[in-house]
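Here's a walk through some packing details, written for someone who likes to know the cut-offs. Have the structure open while you read.

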Amino acid sequence: MLVVRPAESRDLLALERLAATATPRLTNLPAHRDRLEERILRSQRSLRAEIDFPGDEIYCFVLEDLDTGEVVGTASLRAEAGAREAYYTYRQETLIHASQQLNVRHEVQTLSLSHEVSDATLLCALSLDARYRETDADSLLRRARLMFIAQYPERFATELAVAFPGYLETRDERQVSPFWDSVGQHFFDRDFNEINQMAGVRSKSFIAEVMPPFPLYLPLLTPQARAAIGRENPRHEYAMQEMLAEGFSRSRHVDIFDAGPLLLAECERLHTFKQCGWHPVRIRPQESLPDAVPAMVANQRLGDFRCVLARYALTPTGQLMLTPQQAEVLGVEEGRAVLAVPMPLPTMDEGEL
Amino acid sequence: MLVVRPAESRDLLALERLAATATPRLTNLPAHRDRLEERILRSQRSLRAEIDFPGDEIYCFVLEDLDTGEVVGTASLRAEAGAREAYYTYRQETLIHASQQLNVRHEVQTLSLSHEVSDATLLCALSLDARYRETDADSLLRRARLMFIAQYPERFATELAVAFPGYLETRDERQVSPFWDSVGQHFFDRDFNEINQMAGVRSKSFIAEVMPPFPLYLPLLTPQARAAIGRENPRHEYAMQEMLAEGFSRSRHVDIFDAGPLLLAECERLHTFKQCGWHPVRIRPQESLPDAVPAMVANQRLGDFRCVLARYALTPTGQLMLTPQQAEVLGVEEGRAVLAVPMPLPTMDEGEL
Amino acid sequence: MRIRPIARHDIEGLKVLARETGVGFTSLPDNHEFLSAKIERTLAAFEGREPSDDRLYFFVLEDDRDGSIAGCCAIEACVGTDAPFYHYRLGSLAHSSVQLDLHRTLDTLTLCSDHTGDAEVCSLFLREGWRKDRNGALLSKVRWLFMAQFRAVFPDKVLAEMRGVFTPEGRSPFWECLGSHFFPMDFNEADRLTGMGQKSFIGELMPKFPIYTPFLSEPARAAIGQVHEHTRPAVAMLKKEGLRWEGYVDIFDGGPTVEAYIDDVRAVRDSQLASVEVIASDAPACERPAVMAATTGMADFRASWISHDVTRDDSGACHVRLHRDEAERLGVTGGDTLRVLAG
Amino acid sequence: MRIRPIARHDIEGLKVLARETGVGFTSLPDNHEFLSAKIERTLAAFEGREPSDDRLYFFVLEDDRDGSIAGCCAIEACVGTDAPFYHYRLGSLAHSSVQLDLHRTLDTLTLCSDHTGDAEVCSLFLREGWRKDRNGALLSKVRWLFMAQFRAVFPDKVLAEMRGVFTPEGRSPFWECLGSHFFPMDFNEADRLTGMGQKSFIGELMPKFPIYTPFLSEPARAAIGQVHEHTRPAVAMLKKEGLRWEGYVDIFDGGPTVEAYIDDVRAVRDSQLASVEVIASDAPACERPAVMAATTGMADFRASWISHDVTRDDSGACHVRLHRDEAERLGVTGGDTLRVLAG
């Protein structure tokens, strides 16, 4: 059985392993034991605190495979993307250069440094053991966070953001970012991997604040850099399709380092929020459960949050049937309400810009 | 009885009078006979054309008081605010000036020239005879346009915008814009009234394109100009409250001349869209109509669109009861469907930024 | 050979020049209306009728054997007053962070009109058959003598715009990397429009935020402030006078604008007034003319090379001897004053 | 009175100066570590040990009666290489539309680091009791003699930053209108930090988009490029040398930065080498010293006023006669060479 739960101190080694194997490396999940330990403590503090408005809380979750007892994934929520420091993006804009004299109107694309997404809640720092990629475990880890937000809306913004790693090229057996090569490189004289590592230590917004504030004219970037704008890393294509199907849309914003896409959504528009519902638990032996689509089922416990992968097996009166094991993992007895949503998403089409 | 209907050539004189008495003067309703005549023709062409997507159509409506036979108001819709030329606004932004060396983070407000609202449908050019101000006639004229959009969604954008005239001061018996004095004046050396008049002839976007593209730092504007940003003209306070209650929200955008506020909404969030419904007509004599809240009632005829102020008098099966006179004005017989919505709005609270 | 202000009857001669200048010499299009307007403007300036700052002093080099026009040159007294006058300015901006151990200074190009109000020397052209006998130097330097003589009608600074780098195929790497993305036209069309004085479109279409030069292509970067190989002698001549490149470049081809304070220009500083003594035409002369002389009136301004050196008497006053034909060429007689420049 | 490079044992004398300079003279804070680091830097420069561009030549004016330090002055060989160096640059941008019959040129202030790599003359201070006998002129001009003598270690351009306008109450109208909105500190604190060489915060906090000057208050606009009344004599002295204001102003107080090509500076151009002849100290001398003399070695550089004029022999070589005490003051003997400047 798979369960998503808040990270605990005993998960540190697993987190370290997941941080080290994330591809590409994530600035918001640095493979430094001290920073990861701090992350866990901060998450625990966030869960204990009384919160009425989103602030600088971080919630760090892990995915545990109970069959093996192994922690095989992690994902986090930043209650407010730019709570301590601003959360910077490049915003795609269009300038109009118009000349009535020549009767021409010419549109010029630019990228402007922006921190408008700072107020949104950020879904970030997801890393999953390669064996589980593109399985239901992947979806569970990614979307269990929405089940958490759905229960504690006062802790989060109404707008959610999720950033996907950008497109990289392999050159001389190294992963390089054509966008960074054409943009950041000019200002920092450090390659993508160096700056990415530095950002893990120093924070990305710190680096953003040293970048020049003028809009960048796209025609002056290399074709490779232009092509990378808003393009996700191929390894994250499936994940991105899933989030689009969930109801996120592409935005004007891209990552300042690698130009990876940033998706945005208002909570209330997401499939999970619209479809999830409270159901009283009915415990039934495994063999007597009817066949049903997979579902995410979560208990309503802040510090002991659990979200498992079960079946959307409802009785005619709307009770959710769980196995004794599932009920145990969720820590619920018969008659307690759980939040459940069917896993399948409507379609996996591309969102609009 | 009050009715809103498309403007016709015979309304030209009335339009001219309404344009001349609009306070403050509206750049999108210039008091020039030729331009008003052209506006009516363009509106008629728009109504006749087969349209699948919003484009450069303008729909010009008038409010007629059938008791006196007088045209006492006008209001327009631009299917796409920036269809021919971009629709410019100043967008309120915040720059972060941060110094890690000094450990300070300083926010600086700016205004940036933007044309992001160009794709929205614009509710504009509303002028109403002073005798009818802040009566149901005012609401009918303003909101009948929503009834039109609700019927022909393919002709309009999903986002609606409405701009309110900005705050002016009276100085030496003239109306002056403290915002223009502190901003546009430096670049154009012409006073607010001159430039407003010029914009009526030349188009406002043309003037915007001559303005410098750099963000303006708010601390460098006069206190009077800063205070005027996003502040509506007192004469339009009621109208603005109504639109906020309708479901519009204040946006980051303000007018480039007088910094008047621009409200935005997605159609589907507006009260009128959510509450309106189709009802078959039941014709009853005036005296046998039950008491009910006022309602806007519109027929489903593109070129012969009519929207009247009636009562939301429904039979138990949902028929809408109209007087023979109302049915005649709407051009409907018994059994035809009309679109109706109760007039009262939930609350008239301030929207959020 | 002598220099004089252009006159109305020079229109045909000017058209011949215009046809010979060819592509890239945009200030002399082969267009009757345009050229005759130019002549009217210049007459107004020389006769002092032009009240505004919009004064053009346009000179021709006349072959006194047959009166044909061999070349031309001009001074705009005050650029940018009638139509906007744009440059890109090469500047730099520090990009630094103590915490990141970062300290770089990056070059930027920024659109500006800093030269508004300065004088400009321009429109120098010499026809093929006359490219000898120091005619080119005469056309170039006569403008300094004129400015020295009528110093009061000119501002503090003078500039000269130099043609930028082009490939042998006639393509401008600077334009291709920058301007072409912003102007919906080709280089020659853009250049032609500005030559016709229609410059307001530049401010409307050009990028207004600073361009960091590292974002430009290698050839475009290399072209910033560099001149076309044919222009090198002209730049060398101006630099010898003390004009310098201070970072301003043409917005289309990236060619340098050189500039100086007029009072610092060597020829302005070194020119002096000398009184004329006329001698017989067959008196012996220097082999190569080394002194340039110009008259001191504006409307009837004349200039040419003369064959004798300037001498200075004990009181410090200067004197110059002219052959009779030289005096006639300049329209002076004994006792008149000339402004002279040795070298 | 003589000028010489600062030495380690001058630290106490320097502190006395630092205490006397007072507010607004930010390059000499009364801070032992800071001042002794400055001395070490300057020793490294004079002894040629400083490999980088970060060379400071710091001079003191020594009263040879008792060895006390009466004043100081300095040259930064190359600004902006160690820490960023910022100015606002006053430029202009045309704002024009043929259709609207609009043609204006608006002044803008733009943040830049254009002077990165230039030399700077700075830190001139003369103590109250010694403000006589042309000591001020000696401190100011000695730097030109030094640059003329060691021309190769300096770049093309030199600049000097001038204190801007302040009200009698010590408030800067330029700062109040502009900087105060962007810096969460008062003027003196901002000024102190830059004086300590901590300048990277400027780029981080200053507005980076162009500021149109019409948006500034009337007093702030009036302060652009204007100097504090106490600074006027210093500016006049630099302008006489040929330094000019080219539109660069201090980002805090709006005061002008004047600049010149080093080769164009009058004192650099006019200084010359002369051989020394030593005469008796009681020989008659000019009433007022009119010639400045400096030695030609770097580490043991000395300069002072001398009382006799420079003479030129038939071969064009220059000679200068020194009284014995003058020769001792400069550490030269007969036959040595001095760099001299008349005036």
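Leaving out neighbours within four places in sequence, T108(D) is in contact with R89(D), L90(D), G91(D), S92(D), L93(D), P210(D), I211(D), Y212(D) and T213(D), where contact means heavy atoms within 4.5 Å. T108(D) sits in strand β5 (residues 102–112) of chain D; helices (H or I, at least four residues) and strands (E, at least two) are DSSP runs, numbered from the N terminus. With a relative accessibility of 7%, T108(D) counts as buried. The scale behind that word: buried is under 20% relative accessible area, exposed is over 50%, and partly exposed is in between, using a 1.4 Å probe and protein chains only.

A quick word on the ground rules: this is a predicted model, where local features need pLDDT of at least 70, side-chain atom pairs count only at pLDDT 80 or more, and totals for chains, interfaces and linings use all residues. Residues are numbered from 1 along each chain as its sequence is written, chains are lettered from A and ligands numbered from 1 in the order in which they are written, and side-chain values use heavy atoms, with hydrogens and water left out.

Staying in chain D, V291(D) belongs to strand β12 (residues 291–294). V291(D) has a relative accessible area of 1%, so it is buried. Its contacts, again skipping neighbours within four places in sequence, are S304(D), W305(D), I306(D), H308(D), D309(D), V310(D), V340(D), L341(D) and A342(D). One of these partners, L341(D), is 50 residues away along the chain, yet the two C-alpha atoms are separated by 5.6 Å.

Now for the core. A nonpolar core here is a set of buried Ala, Val, Leu, Ile, Met, Phe, Trp, Tyr and Cys residues joined through side-chain atoms within 4.5 Å. The largest one has 142 residues, and those with the most contacts inside it are F179(A), F188(A), F179(B), F188(B), L216(C) and L216(D). In soluble globular proteins, nonpolar side chains tend to be buried together.

What does L216(C) touch, not counting residues up to four places away in sequence? The list is L220(A), L109(C), F174(C), C177(C), L178(C), I211(C), R221(C) and I224(C). F174(C), C177(C) and L178(C) also turn up among the buried residues of α4(C), along with P173(C), W175(C), G179(C) and F182(C). Since seven of the ten residues of helix α4 (residues 173–182) of chain C are buried, the helix is largely enclosed by the rest of the structure.

On to helix pairs. Axes are lines fitted to C-alpha atoms, for helices over the stretch in contact, and angles run from 0 to 180 degrees between N-to-C directions.

| Helix pair | Axis separation | Crossing angle |
|---|---|---|
| α1(A) (12–21) and α2(A) (33–48) | 10 Å | about 120° |
| α3(B) (136–151) and α9(B) | within 11 Å | roughly 40° |
| α1(D) (11–21) and α2(D) (32–46) | within 10 Å | roughly 120° |

Angles under 35 degrees count as roughly parallel, over 145 as roughly antiparallel, 65 to 115 as roughly perpendicular and the rest as oblique. That makes α1(A) and α2(A) oblique to each other, and α3(B) and α9(B) are oblique too.

In chain A, L12(A), L13(A), L15(A), E16(A) and A19(A) from α1(A) meet R33(A), L36(A), E37(A) and I40(A) from α2(A). That contact splits into six nonpolar, no polar and three charged residues. For the classes, Ala, Val, Leu, Ile, Met, Phe, Trp, Tyr, Cys and Pro count as nonpolar, Asp, Glu, Lys and Arg as charged, and the others, Gly among them, as polar.

Finally, some loop and backbone spots. H236(B) lies in the loop between α8 (223–228) and α9 (237–246) of chain B and, at 15% relative accessibility, counts as buried. Beyond residues up to four places away in sequence, H236(B) touches T23(B), P24(B), F164(B) and P165(B).

A259(B) isn't a glycine but has a positive phi of about 65°. A259(B) is in the loop between β11 (249–254) and β12 (261–266) of chain B, and its relative accessibility of 0% makes it buried. S123(C), also not a glycine, has a positive phi of about 60°. S123(C) is in strand β6 (residues 119–126) of chain C and is buried at 9% relative accessibility.
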